[in-house]
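Subject: Model handover

Hello,

Here is the model for your files. My notes on what turned up follow below it.

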Amino acid sequence: MSWCRTWVTWEELKVDHRDGNVRNNAPQNLLASCDICNTYRVDPARAAVGRQRSPTITLNAQTLAIAAWA
């Protein structure tokens with residue numbers, strides 16, 4: 001699962017670095033990421049452009065993708 005909680009396959013997977021340091025390849029610093037999150041996660045407004053959003057549910061003022069609620 002990536003930053004946006006989108007499930008990615010092995011073919012789609014991009015390896016992202018939690019701390020932004022591409023030289024820090026410690027296992028706890030690595031995260032599976034979709035291409036959009038890997039590229040634009042520091043700029044959420046740009047990440048939303050072109051991404052197909054999965055259906056969401058809002059409950060108690062919290063909105064999450066259906067997969068996240070599951």
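This is a predicted model, in which local features need pLDDT of at least 70, side-chain atom pairs count only at pLDDT 80 or more, and totals for chains, interfaces and linings use all residues. Residues are numbered from 1 along each chain as its sequence is written, and side-chain values use heavy atoms, with hydrogens and water left out.

Overall layout. The protein chain has three helices and four strands. Their order from the N terminus is β-β-α-α-β-β-α. Helices (H or I, at least four residues) and strands (E, at least two) are DSSP runs, numbered from the N terminus. Of the 70 residues in the protein chain, 16% are buried. Buried means under 20% relative accessible area, exposed means over 50%, and partly exposed lies in between (1.4 Å probe, protein chains only). The protein chain exposes about 5500 Å², with 54% supplied by carbon and sulfur atoms. Accessible areas come from the Shrake-Rupley method with a 1.4 Å probe; for residues, only the protein chains shown count as cover.

Surface patch. I57, L59, I66 and W69 form a nonpolar patch on the surface. Together they have about 350 Å² of accessible area. Nonpolar side chains (Val, Leu, Ile, Met, Phe, Trp, Tyr) are joined within 5 Å, like charges within 9 Å. β3 (56-59) and α3 (66-69) each supply at least two residues of the nonpolar patch. I57 sits in strand β3 and counts as partly exposed, at 39% relative accessibility.

Cysteines. The disulfide count is zero, where a disulfide is a pair of cysteine sulfur atoms within 2.5 Å. The closest cysteine sulfur to that of C34 is in C37, 3.6 Å away, so the pair is too far apart for a bond. C34 is buried, at 12% relative accessible area. C37 is buried too, at 4%.

Backbone. Two residues in the loop between β3 and β4 (62-65) are worth a look: N60 and A61. Phi of N60 is near 50°, a positive value in a residue other than glycine. Phi of A61 is near 65°, also positive and also not in a glycine. Most residues other than glycine have a negative phi. N60 is exposed, with a relative accessible area of 73%. A61 is exposed as well, at 79%.

Best wishes

Conventions: Patch = residues over 30% accessible without salt bridge, like charges linked within 9 Å, V, L, I, M, F, W, Y side chains within 5 Å. Salt bridge = Lys/Arg side-chain N within 4 Å of Asp/Glu carboxyl O.
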